[in-house]
Amino acid sequence: MPYREKTAWLSLLAMAVTFGPYFTMTAARSLPNEPMPNLRQLGLFAVTAIVQLLILGAGHLFLRHGAVQEARMPLDERDQAIMRRSVSSAYYVLIAGMILVGCIMPFTSSGWKIINAAVFMIIAAEVVHYGVVVFSYRRQA
């Protein structure tokens with residue numbers, strides 16, 4: 001498995017492990033609905049982001065330790081094409097989400113609903129980005 005595919009899998013795993021429970025808890029409304037700034041919600045988001053960073057940091061160190069030479073290699077034409085395709089696919093998801101969050105939701109929602117919708121769309125765009133990377137490497141393998 002190429003190094004860049006491994007890092008894409010790592011990123012997908014980190015997002016699933018951290019933001020999966022976060023969005024499940026926020027969708028289930030297990031946190032009290034307090035007025036802004038709602039420090040419990042902010043604390044949950046902070047813990048989620050920190051845990052994701054720790055998973056990614058440890059994972060990248062582990063993967064880099066196992067493939068130092070491959071990690072340092074510059075992108076070839078195949079890698080560049082995969083990156084272009086994945087970034088452009090993720091861009092469309094992100095733009096659609098930001099139109100929803102920035103142009104439609106302010107008329108129907110407020111506070112943490114808008115914030116969580118924006119974070120969800122950013123995570124969805126990242127899932128598309130890394131998903132296309134994994135799919136592209138798998139298809140060519």
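Start with burial: 34% of the 141 residues in the protein are buried, meaning under 20% relative accessible area, while exposed is over 50% and partly exposed is in between (1.4 Å probe, protein chains only). This is a predicted model, where local features need pLDDT of at least 70, side-chain atom pairs count only at pLDDT 80 or more, and totals for chains, interfaces and linings use all residues. Residues are numbered from 1 along each chain as its sequence is written, and side-chain values use heavy atoms, with hydrogens and water left out.

Switch to the cartoon view. The protein has five helices and zero strands. These are DSSP runs, numbered from the N terminus: helices are H or I with at least four residues, strands E with at least two.

Now look for aromatic pairs. The whole structure holds seven. Rings of Phe, Tyr and Trp (its six-membered ring) pair if their centres lie within 6.5 Å; planes under 30 degrees apart count as stacked, over 60 as edge-to-face and the rest as tilted.

Select Phe-23 and Phe-120. Their ring centres are 5.3 Å apart and the planes meet at 85°, so this pair is edge-to-face. Phe-23 sits in helix H1 (residues 3-27) and Phe-120 in helix H5 (residues 112-140), so the pair ties together parts 97 residues apart in sequence. Buried or exposed? Phe-23 is buried, at 14% relative accessibility. Phe-120 is partly exposed, at 44%.

Next, select Tyr-91 and Tyr-92. This pair is edge-to-face too, with 5.9 Å centre to centre and 65° between the planes. Tyr-91 is partly exposed at 48%; Tyr-92 is exposed at 61%.
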